[in-house]
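Open the model in your viewer and keep the selection tool ready. We will go stop by stop.

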Amino acid sequence: IVQSQIRIAEGYSLADIGLGRQEDVQPRGFAIQCRITTEDPQSGFRPAAGTISVYRSPGGSGIRLDGGNSFAGAVVTPHYDSLLMKVVAHGATR
């Protein structure tokens, strides 16, 4: 997959790398990715520091979590990336 992505980024077509034509690609649903951060919009989007007191992990069919430091008791400091978790949701319809 990665090799194909690199070749496509280099300008090769799907047909050039033996994957058919763009017209042959059929959509199979919709996905959205969200970044869950500690950024505080009222403070210029600076990270908010503190301890996570409650955490409930989302899950189910079509949900993927790209982990971070999200758990009850985790201490969030302003010294690192404010990303706690990335959530990707996929479904047949929007």
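Which residue forms a salt bridge with D24, and how far apart are the closest N and O atoms? Select R21 and D24: R21 is the partner, and the closest N and O atoms are 3.2 Å apart. A salt bridge here means a side-chain nitrogen of Lys or Arg within 4 Å of a carboxyl oxygen of Asp or Glu.

Two notes before moving on. This is a predicted model, where local features need pLDDT of at least 70, side-chain atom pairs count only at pLDDT 80 or more, and totals for chains, interfaces and linings use all residues. Residues are numbered from 1 along each chain as its sequence is written, and side-chain values use heavy atoms, with hydrogens and water left out.

**Stop 1: around R21**

Together, R21, E23 and D24 are linked in a network of salt bridges. Side chains of opposite charge can pair when their charged atoms come close.

Now show the surface. Buried means under 20% relative accessible area, exposed means over 50%, and partly exposed lies in between (1.4 Å probe, protein chains only). E23 is exposed, at 56%. R21 is partly exposed, at 46%. D24 is partly exposed too, at 43%.

**Stop 2: R64 and D66**

Select R64 and D66. They form a salt bridge, and their closest N and O atoms are 3.2 Å apart. R64 is partly exposed at 45% relative accessibility. D66 is partly exposed at 26%. The model's count is 3 salt bridges.

**Stop 3: the sheet**

Switch to cartoon view. Strands are DSSP runs (E, at least two residues), numbered from the N terminus. Two strands pair if DSSP finds at least two bridges between them.

Select β1 (residues 30-37) and β7 (residues 83-91). They pair in the antiparallel sense over 8 bridges. Click C34: its bridge partner in β7 is V87.

Next, select β5 (residues 63-66). It pairs with β7, again antiparallel, over 4 bridges. Click I63: its bridge partner in β7 is A89.

What is the order of the strands in this open sheet? The 3 strands run β1-β7-β5, with antiparallel pairing. β1 and β5 stand at the edges with a single partner strand each, so one side of each has no neighbour in the sheet. Neighbouring strands are turned by 20° against each other on average, direction ignored. For such angles, axes are lines fitted to C-alpha atoms, and values run from 0 to 180 degrees between N-to-C directions.
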